[in-house]
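Subject: Handover of a structure

Dear colleague,

Please find the structure below, followed by an account of what was found in it.

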Amino acid sequence: MMHNLIKQSALFHSLLLVSALLAACSKTPSGNTVDFNAEYPPEDGGTMIDATRGEPSGLITMIAGEAAASAVAQNIFSSLLRFDKNLEFEGELAESWQVSPDQKTITFKLKPNLKWADGKPLTSADILFTWKLVTDDKTRTPYGSDYKLVIRAETPDARTFKVSYAEPYAPAINSWAGLQILPKHLLQGQDINNTPFARNPTGSHYYKLEKWRSGEQISLVRNSLSSQGPARIERLVSRFIPDEASQFLELMANNIDTMTLNPVQYARIFPARPELEQKFGLYKELGNSYTYLGFNLKHKPFDDIRVRKAINYAINKQELIDGVLLGLGEPVSSPYKPGTRWTNPDLTPYAYDPGKAKELLRQAGFKPRNGDGVLERNGKPLSFEILTNQNKQREMSAVLIQRRLKEVGIDVRIRVLEWASFIGRFIKTGDFDMVVLGWSLAIDPDQYSIWHSSQQAPGQFNFIGYNNPRVDRLLEKGRMELDPDKRMKIYHEFAQILQEESPIVYLFAGYGLPAIHKRIKGIDNPAPPAGIGHNSQDWYIPQPLRRTEISQ
Amino acid sequence: MLNYLLKRLFWMIPLLIGISLVSFLIIHLAPGDITTTEAGFDPKASEESRQKLREIYHLDKPVIVQYGLWLERMVKLDFGTSFASHQRPVFLQTKDKDGNVTPGMIEEALPITLLINVLSLALILVIALPLGVISALTQNRAPDRAITLFVFIGFAIPGFWLALLLMYWTGVVHDWLPISGLHSQGADAMNWFAYTLDTLKHLTLPVLISGLSGLAGISLFVRNGMLDVLHQDYIVTARAKGLPENTVVYGHALRNALLPLITILGLSIPGLIGGSVIAESIFAIPGMGKLFYDAVLMRDFPVIMGILTIGSALTLLGNLLADVAYAWADPRVRRGVMQ
């Protein structure tokens, strides 16, 4: 037996050795070196290859819905409005837009001479058609509700589109930035749910589809009739590589130009390999979501604000950022992107203060009893389960939280579940104590569906059961107010109440960590709030730096 | 014989219905459906719209009614359309009135997986047969020990780990083989020879990795079969009448030792359409394993059921084929079937 074990471990060590040897020999740059750091004037052409983990299910985003689909479709389709580098609205297809004095009607004026990629004119009829599609009950989209609030949509002329709401609805503007306009002349009479158009689309943005190889890649080529003027890079290729490690190998081998790194690749592997740092630029952008610890407010003792605050004080957020994200993230104290107007600048995260946590728990009536280190009240120990889904960052956060809560006398077990089971079995039924989950750092400040007390039915998003009449009123007011400055005050107050009541513990917002090959020029660094890709149409690849192997 | 075949084929029908019913029920036992996975946790997607989707997909009906609807379509060999992938047909392509073709999901993934699995099965047989024979002939001596050690290392080594190392070694350190994917950039412009060569280069590592773990089973099977046969009386007879050793080993022993292999090959037919999720993810190959895994995570019931149905039909057919082949190869079995 012993003999066997030794044999096994010797084998294991020799395997490790082989891998170490393999890893130690790295490629030396061959022959003619090109200086990727040199400056070049902007020019058109070239191919940029990136890698995504998933393949789009289709390119009509109102139906496909997933991130992979939006990533490709946003290069093909235009919306009425878009966000500028600071995440403020600007016109995309619309030249201007006007809100009526009673705030119930929005009138969009389209830019002149808009064209689809096939040369047909793009008019307000296309926009009306798209609105009808997204609100049609036969369309299999989960995103129709914002648009169903429109009681009247009109096209007084080919360049004007007018929508009216029964009540002023502030998120409306944002919703028109999210609706990609589809061509009426190609889709009329088709069943949107299974139209071949989803795999062979015609849009009006910088690029058009060149070829979609199922399961392998999508390539886009410049649209000469783009409604936004020309982009510089001729061809965009997205390869579908589900595995992060494989993506990284492809990056090292110079087969792809850009990928999103994880913190280990960014903070450990890159600095250890100068040959990578020579070829690739590393960037940081504010991520799109924050991670939080949520309480089931309908379960005792989480209805007690002192318990929630105690847990908030007991968790060391900086430790989470350092441990889970290797420092590549920041704490948040409101559900909005830091640096945008919606973030209340007066709020700061709960400090790490275990003494205060213990004091609050004592005030709430929890005392040590049988010497096992777990506090009790009325014979009930402070012992809970944290649920989370299969997401490494959330799992690691849960482990660090478990340890910190143990120090103040709270016993925590962790349970990791597959996503659909997690939602179906626990979130919908409200059968949980604490969860580690994420919400997006919304661009529009409306958080009605997450925090309003009416949104607690199974399947709705206020599943933690938050109920505060003051917050309800603010959320209702915020939806009716289209003036950005007045709206800002409403949501600052809303964020402040959330901070005081601590219904969730904000843990962190991780950075997006793109690595981009230095052959690609024109990148804004540091990235503005809208992210590194906000001006990707101006990126360019100078002739001498292009790949040679692609001949087409 | 024909009678026997017909009887076996007939009994496959209730068996298939039973299998599909059990699979259908088990899938629906798992919490969640397409409406929990698809629009994810997006606050912009309202619960009412999700309820509407549930109605469109009949997910609000009792499971047994859903099964009835599914069976009704299956009788017409209609595998339905995917929930998740924009209503793509599950199995075969469809053509609409304007002549636009929408490719089927299984139709696209199956040939790739089949190619990899057939290649790796061929590789396994080509390597494992001689290894097994050599092992048996040198039983308990150095070559036997070395071969056994080698095939067990191949069996025990984590495929994904070896795959990543080989990808690094042959793709990053040296420019010998492509790292992932099925085709190079610009493969469309290649002539057929260059295109085939390019595809084969991309398939080298996946085939090698999936073949390596299969060596142990087949080679040990051949080894033990050979050892059994070599101790039989008729081998002693063959040697006694002075036949050359090669004739004894390859003419008499090996042919008999290979008989059980027929069963194994028959049983591996359904395996040919199943891909490895891990290998396919690492090598970015759009095969059956990834298709099935993603469908399960998305709760894309038509796709899951489609793959399961084809898989179980092939399993039953494989069993039948193995039995028939066995009867063909072995007179003793043949006589038993006839009676």
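This is a predicted model: local features need pLDDT of at least 70, side-chain atom pairs count only at pLDDT 80 or more; totals for chains, interfaces and linings use all residues.

Residues are numbered from 1 along each chain as its sequence is written, and chains are lettered from A and ligands numbered from 1 in the order in which they are written.

Helices (H or I, at least four residues) and strands (E, at least two) are DSSP runs, numbered from the N terminus. Two strands pair if DSSP finds at least two bridges between them. Strand β14 (residues 289-295) of chain A pairs with β21(A) in the antiparallel sense, over seven bridges. With strand β19 (residues 383-389) of chain A, β21(A) pairs in the parallel sense over three bridges; here Leu387(A) stands opposite Val435(A).

A residue is buried if 20 or more other C-beta atoms, placed from the backbone, lie within 10 Å of its own. Five of the seven residues of strand β21 (residues 434-440) of chain A are buried, so this strand is largely enclosed by the rest of the structure.

The nonpolar core

A nonpolar core is a set of buried Ala, Val, Leu, Ile, Met, Phe, Trp, Tyr and Cys residues joined through C-beta atoms within 7 Å. The largest has 199 residues, and Ala310(A) and Ile386(A) have the most contacts inside it. Two residues are in contact if their C-beta atoms, placed from the backbone, lie within 7 Å. Beyond its neighbours within four places in sequence, Ile386(A) is in contact with residues including Ala398(A), Val412(A), Met434(A) and Val435(A).

A three-stranded sheet

Chain A also holds an open, antiparallel sheet of three strands in the order β16-β17-β18. Its edge strands, β16 (367-368) and β18 (380-381) of chain A, each pair on one side only. Strand β17 (residues 375-377) of chain A and β18(A) pair over two bridges, and Arg377(A) stands opposite Lys380(A) in β18(A).

Chain B has 15 helices and two strands, and buried residues make up 34% of its 339 residues. Its C-alpha trace spans about 85 × 60 × 40 Å along its principal axes. Between the chains, 55 residues of chain A are in contact with 50 residues of chain B. On the side of chain A that touches chain B, α15(A) gives the most, with six residues.

Yours sincerely

Note on methods:
A residue is buried if 20 or more other C-beta atoms lie within 10 Å of its own, exposed if 12 or fewer, and partly exposed in between; C-beta atoms are placed from the backbone.
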